[in-house]
Amino acid sequence: MGLYGCQDTGSIDPGPQLADLSVSSASLQPPFASETTGYIVDLPSATPDLTLSATKSDANDVLSGAITAPAGQATGQTTISPPGPGSTKDISLTVTSPDGRAKIYTMTLRAITLGGDNTLRSLTLSPGTLSPPFSAGTQNYRVNVATVVAEVTVSATKSDANAVISGDVPNEGRATIILNGPGTTKVVSIVVTAPNGTSRTYTVTVVRAAPSSDDALSGLTVSSGSLDPDFASGILDYQVDVANNVDSVIISATKSDPNAMMFAFGSVIAAAGTQTGQVSVPLSGKRTDADITVTAQDGVSSTPYTITIIRARR
């Protein structure tokens, strides 16, 4: 005994305890500590058999219960089956020292029932509109797009954030899809796999329109005189009477399909995408013929409209 009391600085015997405890493919909650004797282990419902391992702090102690290890053997191991879906299983093991002291460790295994929601919360395609309108329970859709559309963007949102999207759209839920040529279809598949492994496939059939064969005019006017007969899309030949002092006439024409091409005197006066064009026709002599030709988007169909301009005698 010293002046200030007991001077024994030897460590305090903690008694029998584990140095390590683990479960294969799972984690202890809270993380293992020798002093902590109670743990919870959450397991997915499809977990295979588990391997439990325990190591004694003192190899001379005895480990019994779910895991056994006699004196002189530091580590014990065993394999157990997990509890059924939605149920629990308690595991107990005891560490006993040579002098009879004991410490009991327990683990509660809980089989978590994983969600089965394999639906989408939203699905859009741009450009284009889904038919029928989106509903989580409807799996097949059709979208019509113009012939000039070469790609579409698909956006999909999962109902369960823990589900996985695959197929033509990655798990991020957004993809640009390159379409086939005009007049063809492209099927886009979106697979949603729920946490419990069940899956559902949504399909969007994208129909790209064939090039238009519309080679008609929807309007035709002249800056001087008037068309005879009055303009009609199906009438191809017109006459315009003008005064003798008129030196030129401007012809303005509007395509029925803005994606068609319009020509006059061998030159383009309205390219694809431009609906209206015009040409100035110089007059010489009594009669001048002008042709306005419309070539459809398909590059095959073509219609010439002829305007015969008659200048009055002096």
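Visitor: How many of the residues of strand β3 are buried?
Guide: 5 of the 7 residues of strand β3 (residues 50–56) are buried, so the rest of the structure largely encloses this strand. Buried means under 20% relative accessible area, exposed over 50%, and partly exposed in between, with a 1.4 Å probe and protein chains only. Strands are DSSP runs of E, at least two residues long, and helices are runs of H or I of at least four, numbered from the N terminus.

Visitor: Before we go on, where do these numbers come from?
Guide: This is a predicted model, where local features need pLDDT of at least 70 and side-chain atom pairs count only at pLDDT 80 or more, while totals for chains, interfaces and linings use all residues. Residues are numbered from 1 along each chain as its sequence is written, and side-chain values use heavy atoms, with hydrogens and water left out.

Visitor: OK, back to β3. Which strands pair with it?
Guide: Strand β1 (residues 18–23) runs antiparallel to β3 and is joined to it by 5 bridges. β3 also pairs with strand β5 (residues 75–80), again antiparallel, over 6 bridges. Pairing takes at least two DSSP bridges between the strands.

Visitor: Which residue is the bridge partner of valine 23?
Guide: That's leucine 52 in β3. On the β5 side, leucine 50 stands opposite isoleucine 80.

Visitor: Zooming out, how many helices and strands are there?
Guide: 0 helices and 23 strands. The radius of gyration, taken over C-alpha atoms, is 42 Å, well over the 20 Å that the globule rule gives for 314 residues, so the protein is more spread out than a compact globule. That rule is 2.2 Å times the number of residues to the power 0.38. Along the principal axes, the C-alpha atoms fill a box of roughly 145 × 50 × 25 Å.

Visitor: And how much of the protein is buried?
Guide: Buried residues make up 35% of the 314.

Visitor: What about the largest nonpolar core?
Guide: It has 26 residues, and Leu217, Val249 and Ile309 are among those with the most contacts inside it. A nonpolar core here is a set of buried Ala, Val, Leu, Ile, Met, Phe, Trp, Tyr and Cys residues joined through side-chain atoms within 4.5 Å. Strands supplying at least two residues each include β15 (217–222), β18 (248–255) and β23 (302–311). Apart from this core lies another, of 23 residues, with Ala156 and Tyr202 among them.

Visitor: What does isoleucine 309 touch?
Guide: Leaving aside neighbours within four places in sequence, its contacts (heavy atoms within 4.5 Å) include Val240, Val281, Lys286 and Thr288.

Visitor: Switching to aromatics: how many pairs?
Guide: A search of the whole structure finds 4. One is phenylalanine 134 with tyrosine 202, tilted, at 6.4 Å centre to centre and 40° between the planes. Rings of Phe, Tyr and Trp (its six-membered ring) pair if their centres lie within 6.5 Å; planes under 30 degrees apart are stacked, over 60 edge-to-face, the rest tilted.

Visitor: What does that pair tie together?
Guide: Phenylalanine 134 lies in the loop between β8 (120–126) and β9 (140–145), and tyrosine 202 in strand β14 (residues 199–208), so the pair ties together parts 68 residues apart in sequence.
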